[in-house]
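Hi there,

Here is the structure I promised to pass on. Have a look at it first, and my notes follow below.

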Amino acid sequence: VPLDFTVSRSLTFGVELELMVLNTRDYNLSRGAPDLLARLAKKKLPGEVKPEITESMIEINSAVNESYDTLTAELRLVRDAIVNEAERLNLAIAGGGAHPFHQWQERRIYPTERFLHVSSLYGYLAKQFTVFGQHIHIGVESGDDAVYLTHGLAPYIPHFIALSASSPFSQGVDTSFETSRLHAVSAFPLSGQMPPVHTWAEFNRYFDEMAGYGIVASMKDFYWDIRPKPEYGTIEIRICDTPLTVERAAQLAAYAQTLAAHLLANRRTEPVEPLYRVYGYNRFQACRFGFEAELVDPYERKSTRLREHLLDTLDRVAVDAQRLGNKAALEVLWRSAQAQENDTRWLRERYAEAKSMPDVVRLQALRWKEGAAQEAAVAGASS
Amino acid sequence: MNFGFLPSLPFTLSYPLLFGVLLVAGMLGGELARIVRIPRIVGYVVVGLGLGPLAGAVGLDSLLVEARIFVDLALGLVLFDLGRRMDLQWMKRDWTIAASGFAESLLAFFAVLATLLAFRFDPVEAGLAAAISMTTSPAVLMLLVHDLQSEGQVTERAMNLVALNGLSASILVTILLSSAHLEAKSQVEVALLHPLYLFLGSLSVGAAMAWLSRTIARKIEKTREVHFALIAGMVVCAVGLSTMLKLPVILSLLAFGLFARNDDRSYDLLNVNLAPVGRLLYIVLFVITGASLPLDSLATGGVVSLALVAARAAGKLTGVLAVAPLGGLRMRQAVGLGAAVLPMSSLALLMLHDIARLFPKFATDFMAIILGGILVMELVGPFAVQWGLRFAGETLPADPAATGRMAARMPSAPSAD
């Protein structure tokens, strides 16, 4: 049975954000998701709020949006509603790609049929998968465009890693990585990237083969960094850590939308194989060093500092950004790259001041609640 | 030949030996209980129930009385931990927590009071007995929460309710002491000043210890190990200080915990887990509690003991169930919460002894009745809590990866989207 690709309006977009549900006693992860979701079910909110693999996580799915401004406004609205309900249950909510000090073995699988199945299949990997990512969906008009963009966006994956990184700590230690979350994803057998197919028909043949072996049952079984999502008519970028603020989440989505627009307007024709020869190396560099990573360009046969590569790209797509209403978003990202500032750096600075992981998470929750607008005030209060 | 280097008979039992014996015996009782699938606490208590008469038979019962130091330390730790679990910020955001706390304590108080008045007891003494009945055993709840790895709204709310009813009961007892003083024909000044001293004194000790802990915490490394030593030390000091100043340990330590948590705007004090040291003291606490419950008290207390226990349970359950829906709890959670606040144990025992020391007449009339009630709840309470937390779905479930390995072979729709 071929996978039907639902047609979407090109360049519409939306995000999914996985969030931490914390207790307010020591800011460890709690198992508050079921109670929180039960309360939220009674509220009328755009998009959806859903359970995730363990009871310490919830996931926001935004509605389909046309612009950066509406997406930001929607995410703020949903954030406020969730924080408000959480406070009634004495819970706190935070962004960030991984909880800094939780012990994965203490997590509890969310008791839905599917999650229990995942847990029995993957054993401890399921609980270790208590990491928090942002997924960005970009609407495309055809399966062929989805395949084209999945390859086309691959060289920019390191940008998204550096800009979203917010998980320097894992299980109570500084990992020295900008993001430790991606290691939890890499452990799964079907993680990685899409094979070098070029059309939707070719992709369908690949999928049929895998399904024939009994390796996959649906697209959900592929844990790729970028994957076509035929049910929604989108491509889904799954590389980002959940940022510490919804504002940054919207900016990342705006960047992805801008890049997609640029790639659709300026079709590239190079073969994709060289790209994937260096893909794993570039990805590692970005995870480990962030803006200071050395990225290899297999076409130009040279390497560039990630920060310069990102700034150049932002300049190159400025016209597209202007057209889509993403100028303000990309300017914020430009300044971040220029100053080499991301959430990982913020977290490390907070830890250097507070010298205690629970304090870092408390400030993380405060930052989520108050948003980027209050950034200066939060930093001032905690120093 | 001089055998002076040999110990002389009869041997004198030393504290370390006593502590060790109680600990090992209690532990064995707990493990035995676990094998027959009942809460460990019941095992500890049963060992104590057996040791009590045994110690009496060989003339060592005075040692058990002296072993109260362990009880005070253990309870100190429990109460501090409980006070720390009480979250005033949360109570401000969700008024139903305080409301259900007061509902269940007051309904238990009046139900017990009415029952005792029906048995024609003296009103002030009946009031004191009813105030004791308001309390829930924090030790039973906390140990079961730890053993069952229970976590969630019911667990958190139960902790706050137990802290609230402990606090309300101590305050009520202090107030009732005035009346008791007057009835005992003490001077009016004493009748007023003594309760005031107890109340303000213990609050001051709690506040001072919290302030001192924070001040020290600011100067030391912010690691779990160091803060653990600090807090454990300060708790022991607070117990000693209260005893020295003739203040109620219960109120002082609750206040200490409460101030440590709720008055720490700069978050100086780490919220360290006291369970490792707690476990040792808890075992000894339950063994000694068991040993200080004479089995014949139930025979003496008889119908009144049972009526007291029934009235108390009815009051608590009604209070919790009436308010829980307003706080958005599901029926299952409300019933679980009601069951979790039922146990009665060492806290009630401590209050009973504190009051009995001051008013021998109260002891004559009520000692056996309340001891009988505690004895019943000491054995029933742990089952109620275990059942309640399981019913509410907050205890640790079986690991799905550990079962059905064959069924797991087929891939299908893992999450991540």
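To start with a question: is Arg88(A) buried, partly exposed or exposed? Arg88(A) is partly exposed, with a relative accessible area of 25% (buried means under 20% relative accessible area, exposed over 50%, partly exposed in between, with a 1.4 Å probe and protein chains only).

Some housekeeping before the rest. This is a predicted model, in which local features need pLDDT of at least 70 and side-chain atom pairs count only at pLDDT 80 or more, while totals for chains, interfaces and linings use all residues. Residues are numbered from 1 along each chain as its sequence is written, chains are lettered from A and ligands numbered from 1 in the order in which they are written, and side-chain values use heavy atoms, with hydrogens and water left out.

**Where the chains meet**

The size of an interface is often given as the accessible area lost when the parts come together. Here, the area buried between chain B and chain A is about 3700 Å², and carbon and sulfur atoms give 46% of it (buried area is the accessible area, 1.4 Å probe, that two parts lose on being put together, summed over both). Chain A brings 48 residues to the contact and chain B brings 41 residues, where contact means heavy atoms within 4.5 Å.

Between chain B and chain A there are 14 residue pairs in polar contact, both residues being at pLDDT 80 or more. (A polar contact is a pair of N or O atoms within 3.5 Å; within protein, one must be able to donate a hydrogen and the other to accept it, and residues adjacent in sequence count only if both atoms are side-chain atoms.) On the side of chain B that touches chain A, the elements giving two or more residues are helix H5 (88–93) and helix H9 (153–183) of chain B. Helices (H or I, at least four residues) and strands (E, at least two) are DSSP runs, numbered from the N terminus. H9(B) gives the largest share of that side, 3 residues. Sorted by class, that side of chain B has 15 charged, 14 nonpolar and 12 polar residues (Ala, Val, Leu, Ile, Met, Phe, Trp, Tyr, Cys and Pro count as nonpolar, Asp, Glu, Lys and Arg as charged, and the others, Gly among them, as polar).

**Salt bridges**

A search of the whole structure finds 42 salt bridges over all chains, and the count between chain B and chain A is 4. The cut-off is a side-chain nitrogen of Lys or Arg within 4 Å of a carboxyl oxygen of Asp or Glu.

Arg88(A) takes part in one, with its side chain meeting that of Asp94(B) at 3.7 Å, N to O. The pair crosses between chains, from the loop between H5 and helix H6 (95–118) of chain B, where Asp94(B) lies, to helix H2 (residues 68–88) of chain A, which holds Arg88(A). Asp94(B) is buried, with a relative accessible area of 0%.

Asp35(A) and Arg330(B) form another, their closest N and O atoms being 3.4 Å apart. Asp35(A) counts as buried at 11% relative accessibility, whereas Arg330(B), at 43%, counts as partly exposed.

Within chain A, the side chains of Arg79(A) and Asp80(A) meet in a salt bridge at 3.1 Å, N to O. Arg79(A) is buried at 6% relative accessible area, and Asp80(A) is partly exposed at 41%. In chain B, a network of salt bridges links Glu31(B), Arg34(B), Arg40(B), Asp147(B) and Arg279(B).

**Cores**

The largest nonpolar core has 128 residues, and Leu253(B), Phe256(B) and Phe362(B) have the most contacts inside it. (A nonpolar core is a set of buried Ala, Val, Leu, Ile, Met, Phe, Trp, Tyr and Cys residues joined through side-chain atoms within 4.5 Å.) Helix H17 (residues 360–391) of chain B supplies the largest share of this core, 14 residues. A second, separate core of 127 residues includes Leu37(A), Ile93(A), Phe188(A) and Tyr276(A).

**One more residue**

Ser166(A) lies in the loop between helix H6 (157–164) and strand E6 (169–170) of chain A and is buried, with a relative accessible area of 1%. The side chain of Ser166(A) reaches the backbone nitrogen of Gly97(A) at 3.0 Å.

Best wishes
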